[in-house]
Amino acid sequence: MKTNLKFIIVLLLQPTLIFASVFSTAATPDPPRKFVVVLDAGHGGKHPGNISGNSQEKEVSLEVTLKLGKKLEEHPNIEVIYTRTKDVYVDLWKRAEIANNAQADLFVSIHCNAFFKESANGNETWVLGLTKSKDNLETVMKENSVILLEENYKENYNGFDPNDPSSYATGVLTQEANMEQSIELAAMIQNNFASNVKRTNRGVKQNWFVVLLKTYMPSVLVEIGFLSNNNERSYITSESGQLKIVQSIHDGIISYIKTRDVNFTPVKENRPSSSATAIQPISSNAVYMVQIAAGSKSVEARSANFKKLPQISREKEGNIYRYFTGETDSLEEASELRAQAVSKGYKTAFIVVVENGVRRRL
């Protein structure tokens, strides 16, 4: 009885401590959202990829991927997810599914090149797109041929035949919404290769890689060098060479993140970003539009080609076409348009404001 009395007295004397504890727990904000990067080591298990000397692509790509992941994990605001961390083969569609389910911000696939001419050398970074180059088509057909080892590959890839050139002529718009960002990341990686690795810079290229087509975020495939070139094979399999390669890709990813102005705060689905409500037009004649896609392919600007979104328009900037929906002087209406676009699959849609002939992103 004395014990109970003492407990009651404590409650009466210090009620604020209890209520403070309850409310402080309830008011705890959500932790900042991390920038999610999915790293994909090419090939693996039953599919070794390119083989030259005693080196197999699946092993080299995994070594570089794990080192890259370890370096990225040093940043507290970055979360790294791997499609594989050991010598196993993962179906290409499953690699993309891992990234999609994680709602990743970037997908980076690491590979090694090979060619029948030993003199071929250098590094290159690929994004999704079509090519007229026979050599480039042969490269992508070789990479995509791994799906022939997968069960039910015809069903999983909608009848796509990696050995049929005509199969590469359709379907690219699935990832077109992320084309601009993918090219930007690829260029940053290649620039770092030129500065740090100082081998032949083969540039940014486009082709129909299945693993890139299936992802719903900016995605690149990096060929770090040629195993078929004796000198380059020694470099990309050495510890010092791999560290420089890793540093180049790491710096490219970090530069890309910085240009996104990422604040790492959680954003609810179908809601305009906080910056969209914070920035107001300077002039009364400013109009808002929603960018839904950007890519190298020209598509007729009409509603039927963009899931029946209203008032489609198109602008060309350099080699990139930008596609918009709507044109309104109301930020609220633009926010509703963006939500509609996101609900129809354009996950990267964002609001832009045009005033005095200048377009800027909100």
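Valine 287 has its bridge partner in β12, and that partner is valine 354. This is a predicted model, so please take each value I mention as computed from predicted coordinates. The two strands involved, β9 and β12, the latter covering residues 350-355, pair in the antiparallel sense over five bridges. β9 also pairs with β11, again in the antiparallel sense, and here there are six bridges; within that pairing, glutamine 291 stands opposite phenylalanine 324 of β11. As for how β9 sits in the model, the strand is mostly covered, with eight of its nine residues buried.

How many aromatic pairs does a search of the whole structure find? There are two. One of them is formed by phenylalanine 115 and phenylalanine 116, whose ring centres are 4.5 Å apart and whose planes make an angle of 40°, which is a tilted arrangement. Phenylalanine 115 is counted as partly exposed because its relative accessibility is 31%, whereas phenylalanine 116, with a relative accessible area of 69%, is exposed.

Phenylalanine 306 and tyrosine 323 form an aromatic pair that is likewise described as tilted, with 5.0 Å from centre to centre and 35° between the planes. Why can we say that this pair ties together parts of the chain that are 17 residues apart in sequence? Phenylalanine 306 lies in the loop between β9 and β10, that is, between residues 287-295 and 312-317, while tyrosine 323 belongs to strand β11, residues 320-328, so the contact links the two. Both phenylalanine 306 and tyrosine 323 are buried.

Next, the charges placed over rings. The charged end of lysine 307 sits over the ring of tyrosine 346, at 5.3 Å from its centre, and arginine 199 lies over the face of tyrosine 235, at 4.6 Å from the ring centre.

Finally, two residues from another part of the chain. Histidine 111 is located in strand β5, which spans residues 106-113, and it counts as buried because its relative accessibility is 6%, under the 20% cut-off. Its side chain is joined to that of glutamate 57 by a polar contact of 3.3 Å. Serine 119, by contrast, is found in the loop between β5 and β6, and it is exposed, since its relative accessible area is 56% and the cut-off is 50%. The C-alpha atoms of serine 119 and glutamate 232 are separated by 9.7 Å, although these residues are 113 residues apart along the chain.

Key: Residues numbered from 1 in each chain as written. Predicted model: local features only at pLDDT ≥ 70, side-chain atom pairs only at ≥ 80, totals over all residues. Heavy atoms only, no water. Phe/Tyr/Trp six-rings, centres within 6.5 Å; stacked < 30°, edge-to-face > 60°. Buried < 20%, exposed > 50% of the residue type's maximum accessible area, 1.4 Å probe, protein only. Helix = DSSP H or I, 4+ residues; strand = E, 2+ residues; numbered from the N terminus. Lys NZ or Arg CZ within 6 Å of the ring centre and 35° of its normal. Polar contact = N/O pair within 3.5 Å; in protein donor to acceptor, adjacent residues only side chain to side chain. Pairing = 2+ DSSP bridges.
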